[in-house]
Amino acid sequence: MEITVKNLKISESAAVKKVLGSGAVRRRLLDMGITPGAVITMIKTAPLGDPIEIKVRNYQLSIRKAEADLIIVEKGGGD
Amino acid sequence: MPLKFALAGNPNSGKTTLFNELTGSTAHVGNWPGVTIDRREGRYKGAGEEIDIVDLPGIYSLSPYTPEELIARNFIIEEKPDLIINIVDVTNLERNLYLTTQLLETDCPIIVALNMSDQLEKRKSYIDRAGLEMALGVPVVGISALRSRGTDELMKRAISTARKKRSGHTVLWHTQLDDAITKAYTHLLETGASHPLFKAVKIIEGDIHVAADDEMKRLRDDLKKEFDDLEATVADLRYKYITKHFSRCLKTTQNQNELSFSEKADKILTHKFLGIPIFLLFMYLIFHLTFGENLFSIEGVPSPGKLMQGGAEYLIDQLANIVSGLLESAGASDWTYGLLVDGIIGGVGAVLSFVPQIMLVFFFLSVLEDSGYIARAAFIMDRLLRRFGLSGRSFMPLLMGFGCSVPSILATRTLESDRDRRLTMILIPYMSCGAKMPIYALFAAALFKQHSDFMVFGMYVLGITTAVTSGIILKKFVFKDSVIPFIMELPDYHRPRLRNLLLHIWEKLKGYIIKAGTIILISTVVIWFLANFDITLKMVEQNSADSILGKIGNAIKFIFVPLGFVGKTDGWKSVVAILTGIIAKEAVVSTLGVLYTSAAQADIAGDTFIATIAATFTPVSALSFMAFNLLSIPCVAALSALTSEMKSTKWTLFSIAFWVTMAWIVSFLIYTIGSLLI
């Protein structure tokens, strides 16, 4: 099933399929290790509902929901 | 010429600690050309050599998008360091090596410093250093920046590595991009470009900062037909290579599902319900310890900040006493006395008395930053501040603004982008600072006896409301072009290191003190001169109608007529009070005191003075006057902090114009609407 990181529930994991967007935002996501095959785990939502905290390549990363919506993932996938 | 080494690595990789370790107190901080990013340089002495160390900004990649990344690239390509020390945090091996794979593409000699932080032992992990050295093809040395281990060996091997020529290598060889890179590389090699392999890969990525001739452009166009997304392909290939060849050098016996200390701490510190109260408690404690009158409300016990500030003021008073004693016994003229004691010692002294509070704010700020909490604070507050065009990191500088704008403006250094930094600096003075309180107190006593608490509270709300409105306006019209993505690492928590804290505080203070000695000294003397002399350069009574300042007050009075507080014949007095308020906001009340009481030694708290103020101002004109003082130019000390942080005359002038305009509009609205209602 194709969803984005934004749709992941707390402590749910999924593998990256594709990163949308353009320019600086997209490149930063790729540089931070969000490349196809990488496994992303949803950790939590900030107290005010945005941004979110995810775990990728064994470190914690915070992104806004707008950016999370650019990362298409597939549950049960991965390298 | 001494050798020149560049220090490169991810943010939070221990780079600053290693830099301080290598250079000690020799470090000096400037700015990279055109941006307000710290350029730290220092000298390493050891192994019989003297080496200049340049600390490049912390970066994740050499992409062409952020100023930090461009600085690092330009430095490597244009200033040709003899070696790059690439610090790699082993707890975050994959992402750290991603930058390494890009650095390896340059022709610069490289040594990798593996930072074996204590976290590694806690994570029950082990790293195969020799294996990594084989796989990377450059020397790898294990260090512990925090415990200063391994730096001697690092520098010894670094020096011998720097003497050997090296040509670039890429992990993209033998991939589907091999042909294209070979073509670009051979072409650049023939044209004699420096760092041909690095540039070849950048051209293939479609990097606009690397010049491509027609042949290269054709090559790229052909490639685009084959691959729909080259930037993603390259990033993907790098990470795939890292997982395949390097990641096996890190062996861990820890259960992947076991939570690290940071993850456990975050269960509480960024908790859904507890996160915000804990954050506010931290902020309150910092604010209270720095600016609080009575420590934890205990009568007669000042907070450390107030105590230290009192001490500094005492020393300055003593100096003033000694100097005036000396001048009197030497029979100095009135103007020498006035210039030295009232002008220079008074003005610069007022500015230097901020030093203890700046130190404290920076102490706490460095603790929050070094420990890793500041990223959590940004995570918690981001949503609230985003609406005004800011990010979560602006919260702390803004909050500190209620104490004093000066350390707050300096604290904007912790913000990531120039844009956020500038916007925050413009908004800080709207957080009504401690020195504006006496103005409210005066008018509360004169005109708002029944509702003084409500009125003072209202002024604070007015400041915040204006900040929010200004944020929205500036976001829409001035800072519209650049939306900063919020993609932020939440680094592991660390215990802050005292040595780092002290170096950090010293770096900040040095800049401020130099400014106090130059800009502030000059402007204090100029304003003192204007307030004490008439146009024929004869000394007159301070701030009187005959002084140049009085004349200026009279001349520009018309600007303030629509604001309601200069209606009567002696309206110039409030204008002069506003002007002297630029030296320090405390001066507003003392100027009014001098001008509205006949006696030379005005009793500012006296009943006659308060009665005169009550008779001169109406409640509405008083509100308008207070609003103008709250929202217009803060003070010389804040202005000089702003000038040194903006690094741009254009932005400094813009800030001043913006403040004055907003102050005028708000005061005008208060007076006009207020007059209609009453």
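This is a predicted model: local features need pLDDT of at least 70, side-chain atom pairs count only at pLDDT 80 or more; totals for chains, interfaces and linings use all residues.
Which residue of β10(B) does A:Leu61 stand opposite?

**Figure 1. Strand pairing across the two chains joins β5(A) to β10(B).** Strand β10 of chain B comprises residues 487-489, and β5 of chain A spans residues 59-63. The two strands run antiparallel and are joined by three bridges. Within this pairing, A:Leu61 stands opposite B:Glu489.

**Figure 2. The interface between chain A and chain B buries about 3,600 Å².** The size of an interface is often given as the accessible area lost when the parts come together. Carbon and sulfur atoms give 53% of the area buried between chain A and chain B. On the side of chain A, the residues that lose the most area to chain B are A:Arg27, A:Pro47 and A:Arg64, which together account for 20% of what that side buries. In terms of contacts, 34 residues of chain A meet 48 residues of chain B.

**Figure 3. Polar contacts and salt bridges link chain A to chain B.** Between the two chains there are seven salt bridges, and 17 residue pairs are in polar contact, with both residues at pLDDT 80 or more. Four elements of chain A, namely α1 (23-31), β3 (39-45), β4 (52-56) and β5 (59-63), each supply at least two residues of the side that touches chain B. Of the elements of chain A, α1(A) gives the most to this side, with nine residues. By class, the side of chain A that touches chain B has 14 nonpolar, eight polar and 12 charged residues.

**Figure 4. A:Asp50 takes part in a salt bridge to chain B and in a cis peptide bond within chain A.** Side chains of opposite charge can pair when their charged atoms come close. The partner of A:Asp50 in the salt bridge is B:Arg386, and the closest N and O atoms are 3.1 Å apart. A:Asp50 is also joined to A:Pro51 by a cis peptide bond, for which omega is about 0 degrees. A:Pro51 is placed in the loop between β3 and β4 of chain A.

**Figure 5. Strand β6 of chain A pairs with β1(A) and with β2(A).** Strand β6 of chain A comprises residues 71-74, and three bridges join it to β1 (residues 2-4) in the antiparallel sense. In this pairing, A:Ile72 of β6(A) is the bridge partner of A:Thr4. Strand β2 (residues 13-19) of chain A also pairs with β6(A) in the antiparallel sense, over four bridges. Here A:Ala15 stands opposite A:Glu74 in β6(A).

**Figure 6. A salt bridge connects A:Glu12 and A:Lys75.** The N to O distance between the two side chains is 3.1 Å. A:Glu12 lies in the loop between β1 and β2 of chain A, whereas A:Lys75 lies in the segment after β6 of chain A, so this pair ties together parts that are 63 residues apart in sequence. Over all chains, the structure holds 29 salt bridges.

**Figure 7. Domain 1 and domain 2 of chain B bury about 2,500 Å² between them.** Domain 1 of chain B covers residues 3-162, and domain 2 of chain B covers residues 178-252. Their C-alpha centres lie 23 Å apart. The contact takes 30 residues from domain 1 and 24 residues from domain 2. Carbon and sulfur atoms carry 63% of the area buried between these domains.

**Figure 8. Salt bridges and polar contacts span the interface of domain 1 and domain 2 of chain B.** Two salt bridges are found across this interface. B:Arg238 forms a salt bridge with B:Glu105, and the closest N and O atoms are 2.8 Å apart. The elements that give two or more residues to the side of domain 1 that touches domain 2 are α2 (67-78), α3 (93-103), β7 (125-127) and α5 (129-136) of chain B. With seven residues, α3(B) gives the most to that side. The residues of this side of domain 1 divide into 17 nonpolar, five polar and eight charged.

**Figure 9. B:Leu537 has a positive phi value.** Phi of B:Leu537, a residue other than glycine, is near 65 degrees. B:Leu537 is found in the loop between α22 (498-532) and α23 (548-555) of chain B.

Conventions: Residues are numbered from 1 along each chain as its sequence is written. Chains are lettered from A and ligands numbered from 1 in the order in which they are written. Side-chain values use heavy atoms; hydrogens and water are left out. Contact means heavy atoms within 4.5 Å. Buried area is the accessible area (1.4 Å probe) that two parts lose on being put together, summed over both. A salt bridge is a side-chain nitrogen of Lys or Arg within 4 Å of a carboxyl oxygen of Asp or Glu. A polar contact is a pair of N or O atoms within 3.5 Å; within protein, one must be able to donate a hydrogen and the other to accept it, and residues adjacent in sequence count only if both atoms are side-chain atoms. Ala, Val, Leu, Ile, Met, Phe, Trp, Tyr, Cys and Pro count as nonpolar, Asp, Glu, Lys and Arg as charged, and the others, Gly among them, as polar. Two strands pair if DSSP finds at least two bridges between them. Domain bounds come from an automatic or database domain assignment.
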